[in-house]
Amino acid sequence: MIGANGRGADNLAAVAETENIVALCDVDSVRLGESAEKHPSAARYPDFRKMLDAEKLDAVVVATP
């Protein structure tokens, strides 16, 4: 999940019902922390490029304002 809070939180909640959330990314550490509380096993990243380099992902949800 890139953009893990705000509208992204709604998107995250929708996919979390059926998908394994392995990584969260948001430039705002407070917002990232809020989403991480709901998905404590997910890795946290402030930079989406580092997340994409580090994780083996089948899909990515991108939420932008």
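Begin with the whole protein chain: of its contacts (heavy atoms within 4.5 Å) between residues at least 6 apart in sequence, 33% join residues at least 24 apart. The model is a predicted one, in which local features need pLDDT of at least 70, side-chain atom pairs count only at pLDDT 80 or more, and totals for chains, interfaces and linings use all residues. Residues are numbered from 1 along each chain as its sequence is written, and side-chain values use heavy atoms, with hydrogens and water left out.

**The overall fold**

Display the chain as a cartoon. It shows 3 helices and 2 strands, where helices (H or I, at least four residues) and strands (E, at least two) are DSSP runs numbered from the N terminus. Along the sequence their pattern is α-β-α-β-α. The radius of gyration of the chain, 10 Å, is close to the 11 Å that the globule rule gives for 65 residues, so the chain is as compact as a globular protein of that length. Here the radius is taken over C-alpha atoms, and the rule is 2.2 Å times the number of residues to the power 0.38. The C-alpha trace spans about 25 × 25 × 20 Å along its principal axes.

**The interior**

Of the 65 residues, 32% count as buried, meaning under 20% relative accessible area, whereas exposed means over 50% and partly exposed lies in between (1.4 Å probe, protein chains only). Select next Met-1, Ala-4, Leu-12, Ile-21, Leu-24, Leu-32, Ala-36, Ala-42 and Ala-63, the 9 residues of the largest nonpolar core. Such a core is a set of buried Ala, Val, Leu, Ile, Met, Phe, Trp, Tyr and Cys residues joined through side-chain atoms within 4.5 Å. A second, separate core has 5 residues, among them Ile-2, Ala-23, Tyr-45 and Met-51.

Centre the view on Leu-12. Leaving aside residues up to four places away in sequence, Leu-12 touches Met-1, Ala-4, Ile-21, Leu-24, Ser-35 and His-39.

Move on to Ser-35, in helix α2 (residues 29–38). Is this residue buried or exposed? Ser-35 is buried, with a relative accessible area of 4%. Not counting residues up to four places away in sequence, Ser-35 touches Ala-4, Asn-5, Leu-12 and Leu-24.

**The outside**

Finally, select Thr-18, in the loop between α1 (7–16) and β1 (23–25). Thr-18 counts as exposed, at 65% relative accessibility.
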